[in-house]
Amino acid sequence: MIDLRSDTVTQPTEAMLDAMHSATFGDDSRDGDATVMKLEALAAARTGKEAATFVPSGTMSNLVSLLAHGDRGGEVLVEGTSHILTAELGGVGNIAAMFYRGLPGARGAMDVELLREHIRPRINRNQLGTALVWMETSHNAASGAVLPLAHMAEVFRIAHENEVPVHVDGARVFNAAAALGVSAAEIAKHSDSVSFCVSKGLSAPVGSLTCGTHEFIERARGFRRMVGGNMRQAGPIAAAGIVALENMVERLPEDHRTAKRLATGLHAIDSSIIDPATVETNLVRASVRASGRQAAEWSAQMKQRGVLVSPCATWDLRFVTHRHIGDAEVDQAISAFADIWKKK
């Protein structure tokens, strides 16, 4: 099977497996573990933050960040199609006990004029104050679009003028950095905290990092325990994360190239499917509306032809390229798609 459902399907490298075999086995939640601490220090350095904490997943990383920032309660201002609203099962309200306001945007970038209109530094007799401003880059629902640095800088400035912190959901922040030709720290400097995954395109089997100030990370560690994220002998999975950050970041542009090849091939079948110019990283969101068959049916038919792909909306499929997908796999996926399209 050619698996294009997500870059989370990546398998650990031989170097990761070797590192896992020789990792330390300290108790990360009690006395700390040397390998975990090395990963956390590396993550903080790569994002330009003071400290970091290792958590099992990106969703937990986001949740812990909400909790650590949100002691005032209040409202989270976020672009309306962000992952925290569409795919994290309401943790912002159900667990963090915060409200949210989804702001309209373009390709994942919230309307800054609406941000100015709705941000409030404190509660008043009629309205909640803003507890947190939230950005996502690369942006999942926007087909992996990358937020422009100028936009991030403006959002950060508006938030800080109102004494409101900013978090960046950077699950694929290293993809975003590669697309912009900058370091992850250049992106993260427009935030008070940032989270990212080592288990997606970076190929580690488990884990995400939450990064911020020393004070923020100490609070985050407490909330990590609250939501069940403390790990014991976490050294082996942290060891894979270290290899991911040291060895796998530089190859991410190859995934962007194969995604562009895929988008170009799908566009050649029918221009309504996708505009290749919208593909900036490793996500390809393809519309099958013109076929008259919904995405779930398409997914089933692609599977019959040896290609796994996820429906991400009624009429949209999401393809995600990664290090197990080369030109041959892309071309086979395009061929399978074309075969189904002919039968529309």
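Guide: A crossing is left-handed if the near helix is turned anticlockwise from the far one by less than a right angle. Keep in mind that this is a predicted model.

Visitor: Okay. Which way does α2 cross α11, left-handed or right-handed?

Guide: The crossing of α2 and α11 is left-handed.

Visitor: What's the angle between α2 and α11, and how far apart are their axes?

Guide: About 30°, with the axes 8 Å apart. Angles under 35 degrees count as roughly parallel, so α2 is roughly parallel to α11.

Visitor: Which residues of α2 and α11 meet?

Guide: From α2, T35, V36, K38, L39, L42, A43 and R46. From α11, they meet G235, A238, A239, G241, I242, L245 and E246. That contact has eight nonpolar, three polar and three charged residues.

Visitor: And α1 against α11, what's the packing angle there?

Guide: About 140°, with the axes 8 Å apart. That makes α1 oblique to α11. Their crossing is right-handed.

Visitor: Which residues of α1 are in contact with α11?

Guide: A15, M16, A19 and M20. Their partners in α11 are P236, A239, A240, V243, A244 and N247. By class, this contact has nine nonpolar residues, one polar and no charged ones.

Visitor: Switching to α3. How many of its residues are buried?

Guide: Eleven of twelve, so α3 is largely enclosed by the rest of the structure. The buried ones include M60, N62, L66 and H69.

Visitor: What span should α3 have, and what does the model give?

Guide: At 1.5 Å a residue, α3 (residues 58–69) should span 16 Å. Its end C-alpha atoms are 17 Å apart, which agrees.

Note on methods
Residues are numbered from 1 along each chain as its sequence is written. This is a predicted model: local features need pLDDT of at least 70, side-chain atom pairs count only at pLDDT 80 or more; totals for chains, interfaces and linings use all residues. Side-chain values use heavy atoms; hydrogens and water are left out. Axes are lines fitted to C-alpha atoms, for helices over the stretch in contact, and angles run from 0 to 180 degrees between N-to-C directions. Helices (H or I, at least four residues) and strands (E, at least two) are DSSP runs, numbered from the N terminus. Angles under 35 degrees count as roughly parallel, over 145 as roughly antiparallel, 65 to 115 as roughly perpendicular and the rest as oblique. Contact means heavy atoms within 4.5 Å. Ala, Val, Leu, Ile, Met, Phe, Trp, Tyr, Cys and Pro count as nonpolar, Asp, Glu, Lys and Arg as charged, and the others, Gly among them, as polar. The expected span of a helix is 1.5 Å times one less than its number of residues. Buried means under 20% relative accessible area, exposed over 50%, partly exposed in between (1.4 Å probe, protein chains only).
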